[in-house]
Amino acid sequence: MEADKVNEIQVLDQKEAWTFFREKSGDRVDDLYLRPIAKEVAAECKGLPIALATVGIALKNKSIQSWKDALLQLRGANPTNFPEVVKDVYTPLKLSYDFLETESEKSLFLLCCLFPEDYNIWIEDLALLSFGLGMFQGINNIEDGRNRTYHLLERLRSRFLLMTGRNEQEVKMHDVVRDVAIFIGSKEKQGFLNVSSMDSSRNCNWMSVEISNIANAKLPVGLDFPNLRLLMLLNSSYNEFPEGFDVNVICFERMKELTVLYFSNQNFQSLPSSLEFLKKLRKLYLENCEVKDISIVGVLASLEILRVWRCYEIEELPADVGELKSLRLLELTDCYKLKRIVAGVISSLVGLEELKIVNSFDKWEAKGNVSGNASLSELESLSNLTCLEIDTKLVAQEILLSNPLRRYQIRAYEDVDHEDECFFDDFEAVKKHERRPERRIRLQLPRDVTVANWIRGLGKDTQWLELRGDDPNNFNLGEIESSRNCSTVEKLMNAIDWKFPMLEYLQLTNLKELEEIIDGTIPEGSNSFKNLESLVVQDLPKLGYLWKSPNQNVSLVNLKSIHIRKCLNLRYLFSMATARNLVQLQSMVISFCDTIEQVWWNEMESNTEASIIEFPKLEALKLLNLPNLLAFTQGVEIIKFPQLIKLKIKNCPNLRTKIDQLPAGMIEKIGVRDNDNIEEIFRDDGNRHIIFQELNELDLRGLPCLTTFYGGAESIKFPELEDLRIGNLPRLNSFVPIDSEPTHDQHSLHFFCNKKVEIIGLNELRLDGFPDKISNMWCSHIPISFFHNLEILNIYKIDGIRNLISSSIAKALVNLHLLEINHCKEMIDVIEDETHVTANSVFPNLRCLEIFNNCKLRSFCQWTHAFELPSLVTVRMDHCPLMKTFTLGSLSTPKLHWFGTKSGDTKIKDLNDHLRSTKNKRKRRTLRRRAKKRNST
């Protein structure tokens, strides 16, 4: 029965969607003229199978005019214009909607469609909008409302009516689902409106208006919406505000039922005076608005939620805000100019449950200070406070909070630049953290600063802990629970008295004296670090061990990412026993650790049980600039990464370890560079025919000993490879051994002509540093179709070649738009001179040409007939002293106006004339210098 209630909205990728759509719409879509339109129609279905099937069947065997009209209607996103879509898409989605169990669930679903198309909706926005609208019966505080929202969203996602957005903090509504939701709300619920005009539907109770879509952005004066409870005024153009738009023309006097008002990306400097009529307003949200004065909010006696996001012009939180006795949440985020919060305002908000002032204000005053700014002691008056997010320099000031905090973010720093990008901005490891922990502490302090007891107390239950030193005044944390001043510390915490059982994210940066994270032996059976998901350790020059304990009794079963950087005394990360428990590890990055010899220390090198190790979920592995790394681990014969997607190994000159049984069908990016000893990268003796099904980037450079790319392989296919970079591979001339046929030129590259290697659709090719013996770039066996999709060709230090390409290859490069040639010391012409060349147009899409440091280059080509480069826009050329002319014949470059060198750009009319003139000027300068030298002697 449950299966009957679920209508799954799964999404196909682009290739799957086209294949499915083609099956439904018939072979006629392969027609030369119809195919591009059919592809656009399929794309408008956004990968939704039911939409692809419905539209495909409806258009089967229809005329091209019908296809064009269908595309127009689909882009209009109005399902009533397309009866088949209404019948076959609306009906199953409406059925899923009707099966929702509560009105709250239905309302939350409809609330999502008020946001713009393809919008990643922050769940926090939905939670506060829902609370402001009073959608949840029996919910009396914001935290409970937030929990209810998360619960209902999980149910909506389980029914495939919503999708996860960019991360776990966001949801997204599929475009087709959104169209149906708008249809449900506006046609069946009566009183729901998502429009680009405010000139209709006076009885609606929810309204979302995209200001940038309104003609001339002029709103009619005196609009009457007596039932309106939610108004969202959005502008997707962000800082490009519509000309002539003025929010003050909206008369809120005739919207007296309004409870939620949402302004996003608006350019008014003060809030409309008619807001004073909104006696029932519970939530006001200002996002990215140019407002400077918000003092009028003081008259909104019913206001419970005031959120101000990225309003960069606000400099003061006025005393009027202190009149909001019903206020439950006050948030000021990224209001960078906010320098003053009037003293007494915070303590006056006696009903406040949540206070969030982040990246906005940090000038809290000490208790008793009379400067007129808010003091931390005002927090003591907030008896209902359960959430606190603030920045403060008063890390030593004690305060006594009335209630335990459920949520907090405390960022404490003293004499540290507030704009410290490294400390405050999210970095890659943080962004990848799957969900935002509720309890976070971030400390950056100089030595000899006492951390207040109230901050240390929060540390006991924190989920996110960042500790940073301040160079040259290094902050060294002792035990965070101790009451002593921060002093030089060699161990971060005591192994026996572990105080962070909920820790999920730990970052340690720039702690110059830290030698060990754990002091002492961790007791056997300990659950230390059992919840840790992310570990970031960087700039710890004395750190010798993450865990020195011989048995390393540490539980890292939930660790998903680890990032180690510039730990110059570290020899390995974990013991083998610990490494075997990293069953959830997804990402590992180790860089600039000069002394590291092994990633995992094998304490049982002679034990046969240790000969195989597998990391079942590792997707990304990066080993960068590790000069002494010898192996992943000693004594292990086979290392498996069955889910690996990205692999990058760079400047690890002593690493010899190969990777066994690579998941060739999954990996997307491979980069192995600058390694002096590696002879073989991959091996799988059980699979002779390798298909890199998803690989789109491959970079193999600076590998002088590499003889085998994939050991055991007899053939390799790269069906999706787009970006290939190879160079300085003196012992490797093909991805698999090539048959020793006498017809194969020993002075050519054979990466692309080997019949055992299949490369289809390559877009970018960089060839970098091949030996002098390569005198002919392209083997005569290379299929001409290899060049058809190339868009970027970069040649660097191919010392033996006199020409880059033949004219027949030049004519095949129909999609090339960037050609770079650098440091080819024997090259005399780019295109080889051929007789009987009749074409006067090659490189039809070449837009940029860069040629540098080619000391023997005399011309681009020696053709005497007409030569045209119709798309060429930019030419950059320097240090080519023998280059007298571009071509011997006439040259047409209608779009070229600038010629660039390293010293600057010059406006030109004719490229040939410019090169000849430049050559003559160089010659005259040389003669003058010689004459001057003779005269001086």
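Helices (H or I, at least four residues) and strands (E, at least two) are DSSP runs, numbered from the N terminus. The model is predicted: local features need pLDDT of at least 70, side-chain atom pairs count only at pLDDT 80 or more, and totals for chains, interfaces and linings use all residues. Residues are numbered from 1 along each chain as its sequence is written, and side-chain values use heavy atoms, with hydrogens and water left out.

- Nine of the 10 residues of H7 are buried (under 20% relative accessible area, with a 1.4 Å probe and protein chains only), so H7 is largely enclosed by the rest of the structure.
- The buried set in H7 consists of Ser104, Glu105, Lys106, Ser107, Leu108, Phe109, Leu110, Leu111 and Cys112.
- H8 is mostly covered, with 11 of its 11 residues buried; among them are the charged residues Glu124 and Asp125.
- H7 passes H8 in a right-handed crossing, meaning that the near helix is turned clockwise from the far one by less than a right angle.
- In the contact (heavy atoms within 4.5 Å), Leu108, Leu111 and Cys112 of H7 meet Leu126, Leu129, Ser130 and Leu133 of H8.
- By class, this contact of H7 with H8 has six nonpolar, one polar and no charged residues; Ala, Val, Leu, Ile, Met, Phe, Trp, Tyr, Cys and Pro count as nonpolar, Asp, Glu, Lys and Arg as charged, and the others, Gly among them, as polar.
- An α-helix has 3.6 residues a turn, so residues three or four places apart point the same way.
- Just after H8, Gly134 takes a positive phi of about 65 degrees.

- Three strands form an open sheet in the order S1-S3-S2, with antiparallel pairing; two strands pair if DSSP finds at least two bridges between them.
- S1 and S2 (163-164) stand at the edges with a single partner strand each, so one side of each is left without a neighbour in the sheet.
- S1 is joined to S3 (residues 170-172) by three bridges, and Trp122 stands opposite Glu170 in S3.
- At 40% relative accessibility, Asp118 counts as partly exposed, the class between buried and exposed, where exposed means over 50%.

- S30 (residues 659-660) pairs with S32 (residues 680-683) over two bridges, and Ile659 stands opposite Phe682.
- Three bridges join S32 to S35 (residues 708-711), where Gly711 is the bridge partner of Arg683.

**Other loop residues**

- Arg310, in the loop between S9 (305-309) and S10 (316-317), has a positive phi of about 55 degrees although it is not a glycine.
- Arg310 is partly exposed, at 34% relative accessibility.
- Gln598 lies in the loop between S24 (587-591) and S25 (600-601) and counts as buried at 12% relative accessibility.
- Leaving aside neighbours within four places in sequence, Gln598 is in contact with Arg571, Tyr572, Leu573, Leu629, Ala631, Phe632, Thr633 and Gln634.
- Cys855 belongs to the loop between S46 (848-852) and S47 (867-868) and is partly exposed at 39% relative accessibility.
- Cys855 touches Lys825, Pro881 and Leu882, not counting residues up to four places away in sequence.
- The C-alpha atoms of Cys855 and His823 are separated by 7.9 Å, and the two residues are 32 apart along the chain.
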